[in-house]
Amino acid sequence: MHMPLEDTLGLNLLAANQHQAEHNREHFDAWRLLCLNVMSSPGAGKTSLLERSLAALAGAYAMAVLEGDMTTQLDAERLEAVGVPVVPITTGRSCHLDAAMVSGGLKLLRQRLDPAELDLLWVENVGNLVCPAEFEVGEHRKVALLSVTEGDDKPLKYPVMFREAHCVLITKIDLLPYLPVQLERIEAHIRQVNPHCAVIPVSATSGEGFAAWHQWLAAQLAAIAPAAPTALIPPRHPARLPARRPLPC
Amino acid sequence: MHEVDMTRCLLLSMNAWKQQHEPRIPRVSRVHLQVGSFTCVEPDQLVFTWRVAVQNTWLDGAELVIEPVPLVGRCVRCNATYSPDPEQAYRSPCCQHPMEEIVSGRELRIRSVDYAFSDHPADALPAATPA
Ligand SMILES: Nc1nc2c(ncn2[C@@H]2O[C@H](COP(=O)(O)OP(=O)(O)OP(=O)(O)O)[C@@H](O)[C@H]2O)c(=O)[nH]1
Ligand SMILES: [Mg+2]
Ligand SMILES: [Zn+2]
């Protein structure tokens, strides 16, 4: 005889990853740093963006990079050249980073520096337009890149990442004169699936748009760590950003 | 294939659930999932990777049953619900509004588990019963 039972779990399928992501985020909050998860299809310009932003911001913020792109040993060296520590993350054969991999990267990072001294932690995800959006790593903000060479239909064909993003950067806009695409159409399609995110057109080659992008960054940093004489006040309860909840799953 | 990673996450959740029943071992016949269509999951792929992953584990033979959940949006102008269509750029047919509110379609949920405890004493009782 068996007694048939049914348990109602109502658990997120990705609960295991979610728990680790929340654990990572608790660390980030305790260290009072802002963690960004930078995602795009392969070659949309994540590393180029980082290269330019790190060089421009190195004087203003203490930063580090967790690099999920295994093909960028050279890129890592370029990024390190501006004095920003870059820690490679071992992804195995995975097509995205997950929270456990980022936790492993954090361990390596902590051997090199005290993360409490950082303002900004960049995570460059694996180039993939599909699944990184489903695997939180503990980030406060998701930044998605879409290059103008990918065509204006991508936000509609691969909507989840653009829906989840807090900021979408339309990259490589220096190439617009040579392409049969219109910036307005790309932007409109992003807005169709995510009406309220920031959409910022940029070129890592010319630097166009970076002022607006860095302004957005500064606003996020201000939201997580309001400027205050922190030495005099006890550590506040880690401020949780009004981050968008991953939708009900 | 991210379905492999999803399956791994699912197995971790199932293992945690099994521990709640220790020392008894539940015999699972079915695991019911809800998978929204506005996710990055291919249900067929997930079922396939599940079948491979549970072989020779305590979940061997357990069937993964996936209930697809359609994408439903709510037009924030007129409050009507609608089925966002990529061909129509996900806009609401009533007011041509962008897809602002999602009512369903993002689910990745373990809804329930069908299982039983064998009444065989070896299964039903703790391994070492105090006298
Ligand atoms: N014209 C132009 N080319 C760019 C721009 N940004 C990046 N590229 C080029 O695009 C290619 C890919 O750039 P990466 O920065 O390596 O892209 P990625 O997203 O890091 O690539 P993966 O990490 O491999 O997914 C390189 O050849 C860059 O030189 C840009 O703003 N304008
Ligand atoms: Mg790269
Ligand atoms: Zn309407």
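Q: How many residues does the contact take from chain A and from chain B?
A: It takes 38 residues from chain A and 40 residues from chain B. Contact means heavy atoms within 4.5 Å. One caution: this is a predicted model, where local features need pLDDT of at least 70 and side-chain atom pairs count only at pLDDT 80 or more, while totals for chains, interfaces and linings use all residues. Residues are numbered from 1 along each chain as its sequence is written, chains are lettered from A and ligands numbered from 1 in the order in which they are written, and side-chain values use heavy atoms, with hydrogens and water left out.

Q: How much area do chain A and chain B bury between them?
A: About 3500 Å², with 60% of it on carbon and sulfur atoms. Buried area is the accessible area (1.4 Å probe) that two parts lose on being put together, summed over both.

Q: How many salt bridges are found across that interface?
A: The rule finds 3 between chain A and chain B. A salt bridge is a side-chain nitrogen of Lys or Arg within 4 Å of a carboxyl oxygen of Asp or Glu. One of the salt bridges in the model joins D98(A) and R8(B), at 3.4 Å from N to O.

Q: Which element gives the largest share of chain A's side?
A: That is β1(A), with 11 residues. Strands are DSSP runs (E, at least two residues), as are helices (H or I, at least four), numbered from the N terminus.

Q: New topic. Where is E150(A) placed?
A: E150(A) sits in the loop between β6 (141-147) and α5 (154-157) of chain A. E150(A) is buried yet has no salt bridge. Buried means under 20% relative accessible area, exposed over 50%, partly exposed in between (1.4 Å probe, protein chains only).

Q: Which side chain of opposite charge is nearest to E150(A)?
A: K154(A), 6.6 Å away. Lys and Arg count as positive, Asp and Glu as negative; His and the chain ends are not counted.

Q: What about V65(A): buried or exposed?
A: V65(A) counts as buried because its relative accessibility is 0%. It lies in strand β3 (residues 63-67) of chain A. Beyond four places in sequence, V65(A) touches several residues, including L50(A), V84(A) and W122(A).

Q: Last one. How many disulfides are there over all chains?
A: The count is 0. A disulfide is a pair of cysteine sulfur atoms within 2.5 Å. For C197(A), the nearest cysteine sulfur is that of C167(A), 7.2 Å away.
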